[in-house]
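Have the structure open as you read.

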Amino acid sequence: MAVRLEDYREVAPAGTVDFLYRLSERVKGMSMLNVNSTKYGGGVAEILHRLIPMLNEVGVEARWEVIQGGGEFYACTKAFHNALQGAEQVITQKMLDAYVETNRENAKRLLLDAEVMLIHDPQPAALIDYRTVGKWIWRCHIDVSQPIRRVWNFLRQYVVKYDAAVFSLPRFAQRLPIPQFLIYPSIDPLSEKNRDLTETEVDAHLGRLKIPRDKPILLQVSRFDRFKDPVGVISAYRIVKKHNDCRLVLAGGGAADDPEGKAVLAEVQAAAGEDPDVHVLDLPPDAHLAINALQRAATIVLQKSTKEGFGLTVAEAMWKGKPVIGGAAGGITVQIIYDVTGYTVNSVEGAAFRIRHLLNSPDVREKMGQDAKEYVRQNFLITRHLRDYLTLMYAVVNGG
Amino acid sequence: MKAAEGKVFEFIGCVELRQILGKKAEDEKQLLDLLEEVPLDSVYHHTHEYFLRHKYILGPYPNDFANWAAIQVRDRVLGERLGVLDPYDFASLEALRDEIIAVIDDHLTKLRMIPRVGYGEPFHFIQSRIVTVPMGITARTLEEFRGALAGVDASSIYFHAFEARMRLNRRDGDFVFWIREALGLQELADRLANTDPYMFSLEQLRARLLGLLDEALAKGGDGRGGSA
């Protein structure tokens, strides 16, 4: 059954749903078109699947279109994606031509007639050249804080034509002559990944994953990537293990089709060795319920990244009432309030110290978990995201 | 606040749209220099709208500057000195800005090296646009007011307790003003005015205000107590 805005009354802060209806009066009847590059897979599509019906429910005529292209186009935008996140790429003129041409073709195919156009990420950014009406906003979901300059300069020629840009963190912002707004991403508390589970469901999932619940569980959920420092997490666990019996679960995915992921997974498995209390799980991308169960079963959740985009796994764990120990990187620093909802750390030793502290302080853990959940309720739920988009629409149309 | 003009209190909520100014400080000297040039709206954002972003719990200190110094730079002394600043003590945002600058400047003159973020995040200056939203909730009596305050979106508490003070220049905020002027409840108004909003998250402030209202209602029924 489709989830409705009313369903969020039980999980969002008191008064939120009424506030959203009131706020939407300011943009009621306005049209909004979202354009991105995929209908399924990835965080942007996941959030749009929920946000578009919610926008319509509050009176915005919201639509969502997906840009279509061929192999050369996707090769180009994949290279863009990597280069904008700092990895050197080979991008040929032919690829750039495919990018420009694909945007031109899509501009002919799509009805770009909304009062507010929200264009997501680099793939459809060049649609701006075919603008006839409306306010155009470029919504950048990726970390462009240290881009390969020539690729950013290519993209920038389009971005500067927009009325505004939106980034997920201040440090992702660029030098641009247009207003740049800050909107954090969000989690959906009613999705498979975050909805409430019964203890029986949690037990069943952990049983299937062959993880006994006989001792405290330390958990890190993230793809096998060196920036997530999974080997550092194992080192921290080893320090903790000297005096505290516990299990460590490293749950990730994506290693199958990613050569670097495979190499990192092999490193992690080697570091885990024969320790029966270290569980390395390579999960499929749709293992939402299993991840949900793992987070609920965990005693402490780690996200010991040394470099991070936003790191929404932190908010996911906090939503389940868990204190999180995270690397002081990217969006982790805005999700964890130090010493209140968890700890940010800068070293293996720092992580080990905080794990030991929390394992031996059940009351602190309990209180931090409660505060973490409430902090997410106020700041990182999809209802806040809806509020931000409604405000953004209002602001850009009214002289934003 | 239309409520102050008549007997009816109308609750107004608000939402902020954060604008990134593209100015960042990697050390405390840069913070000082940028503080001198950013718009006052940005100072307001980091010292007042902090509360709108922390409806349920505050961080260690009640403003972004103090938290950055203490947590990202790991300079606890500056964090403590900035954290104790009371925005109430300043007649204007310009005066508050001057004091923050003076505190950082004084701190730096006592140090041989300028503290900077080693492993932490730089300070990014932000400013906000506030969009107000009439909540469609009104109160004519203290009892109605208490009921509405209990369920209204927390942004409404921010708007009437903080935004009204600094931006709209209503020294005690809208709640106190209405209770004093429209209901004539001087003693209760004084007790509410004595609550320091800068020490609470919005939800904590709501709980505290509700406690004071409940006491007044229990005492006098209409909240007038003996001194109205």
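## A helix across the sheet

In this predicted model, α14(A) lies across strands from both chains: β1 (31-36), β3 (116-120), β4, β5 and β6 of chain A, plus β1 and β2 of chain B. Its direction runs at about 80° to β1(B). Chain B brings a helix too: α2 (residues 40-47) packs on the sheet, where it touches β1 and β2 of chain B and makes about 70° with the direction of β2(B).

## One sheet, two chains

So what order do the strands take? Eight of them form an open sheet with mixed pairing, running β2(A)-β1(A)-β3(A)-β4(A)-β5(A)-β6(A)-β1(B)-β2(B). β2 (61-66) of chain A and β2 (123-139) of chain B stand at the edges; each has a single partner strand, so one side of each is left without a neighbour in the sheet. From one strand to the next, the twist averages 25°.

Within chain A, β4 (residues 135-139) and β5 (residues 164-167) pair in the parallel sense over three bridges, and A:W138 stands opposite A:A165 in β5(A).

## Where the chains touch

The contact draws 32 residues from chain A and 29 residues from chain B. On the chain A side, α1 (16-24), β6 (180-182), α13 (362-379) and α14 (382-397) each supply at least two residues. Which element gives the most? That's α14(A), with five residues. By class, this side of chain A has 18 nonpolar, seven polar and seven charged residues.

How values were computed: Residues numbered from 1 in each chain as written. Chains lettered and ligands numbered in written order. Predicted model: local features only at pLDDT ≥ 70, side-chain atom pairs only at ≥ 80, totals over all residues. Contact = placed C-beta atoms within 7 Å. Helix = DSSP H or I, 4+ residues; strand = E, 2+ residues; numbered from the N terminus. Nonpolar A, V, L, I, M, F, W, Y, C, P; charged D, E, K, R; others polar. Pairing = 2+ DSSP bridges. Axes fitted to C-alpha atoms, helices over the stretch in contact; angles between N-to-C directions.
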